[in-house]
Amino acid sequence: MNETKTIKIAPSILAADAARLGAEAEKVEKGGAEWLHLDIMDGHFVPNLSFSAQVVKALRPLSKLFFDVHLMISDPSKYLDDFIDAGADIITVHKEACGDDELKEISERLHKRGVKAGISVKPGTPPESIKALMPYFDMVLVMTVEPGFGGQSYISDMNDKIKKIAEYSAADFPDMIIEVDGGINAETAAQAAKSGATVLVAGSSVFRAADAAKAISEIHTAAEKAIVG
Ligand code: DX5
Ligand code: ZN
């Protein structure tokens, strides 16, 4: 197994105790997570609101985790600098949120400031639609639920999309990160990893577990087992 195939877990802070976000971020860092997933919702691109760059900034000094900011917002260009300044390590924008020229500009702006760039697709968006954009991005985030809410069930039909993206990556972009988001637990982690995902976002299954470290370790183990076995 080479380094690029090693699975990383990105707990989604959306499912954490909102009154204790700092302690929750520390809990999953101690519990063995590699990334922290931060969901930004604007009540327009998705039918829900979450939090702003201010929260990302407040968490930054408390955590060494790789900050994975998922922008589920209609006008990502407008807010990009706020999230860069807040300390994001990677910022993901949605294919459905803007045109291809704007997406390319966003990736350039991120790279210029030393931040990685991700592109995400909702369940209804076909993989073919982002193929030509992949050279501009470091990561593809495949949504395995409709974005907007935590706690939904993994859509197994998305496994084929993950496989397709993994095929494109293997052929032309071997360093591409493939992340999945929505409904990940130990069982669905195995499906996602087997299909080619390398970073697994997990909200409810980690933060709502009695023992977050155990939940992270079970997801890790199930995913690693699925790719070697
Ligand atoms: C959904 C968000 C997800 C969500 C995942 O719109 O993008 O990151 O928090 O939560 P779970 O793991 O509970 O599906
Ligand atoms: Zn997300």
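A backbone N or O atom of Gly148 lies 2.7 Å from an oxygen atom of ligand 1, a polar contact in the sense of a pair of N or O atoms within 3.5 Å. This is a predicted model, in which local features need pLDDT of at least 70 and side-chain atom pairs count only at pLDDT 80 or more, while totals for chains, interfaces and linings use all residues. Residues are numbered from 1 along each chain as its sequence is written, ligands are numbered from 1 in the order in which they are written, and side-chain values use heavy atoms, without hydrogens and water.

Ligand 1 also has an oxygen atom 2.8 Å from a polar backbone atom of Gly151, and one 2.6 Å from an N or O atom in the side chain of Asp181. The protein covers 98% of the 380 Å² of accessible area that ligand 1 has on its own, by the Shrake-Rupley method with a 1.4 Å probe. Around ligand 1 there are 20 residues, each with a heavy atom within 4 Å.

Asp181 leads us to the metal. The zinc ion, ligand 2, is coordinated by His37 (NE2), Asp39 (OD), His70 (ND1) and Asp181 (OD), at 2.0 to 2.3 Å; donors are N, O and S atoms within 2.8 Å of the metal, or 3.2 Å for Na, K and Ca. What makes the arrangement octahedral? The six donor atoms subtend angles of 69 to 170°, and the criterion for six donors is that opposite ones are over 155 degrees apart and all others between 65 and 115.

Finally, both Asp39 and His70 are buried, that is, under 20% relative accessible area with a 1.4 Å probe, protein chains only.

How values were computed:
Four donors count as tetrahedral if all angles lie between 85 and 135 degrees; four count as square planar and six as octahedral if opposite donors are over 155 degrees apart and all others between 65 and 115; anything else is irregular. Buried means under 20% relative accessible area, exposed over 50%, partly exposed in between (1.4 Å probe, protein chains only). A polar contact is a pair of N or O atoms within 3.5 Å; within protein, one must be able to donate a hydrogen and the other to accept it, and residues adjacent in sequence count only if both atoms are side-chain atoms.
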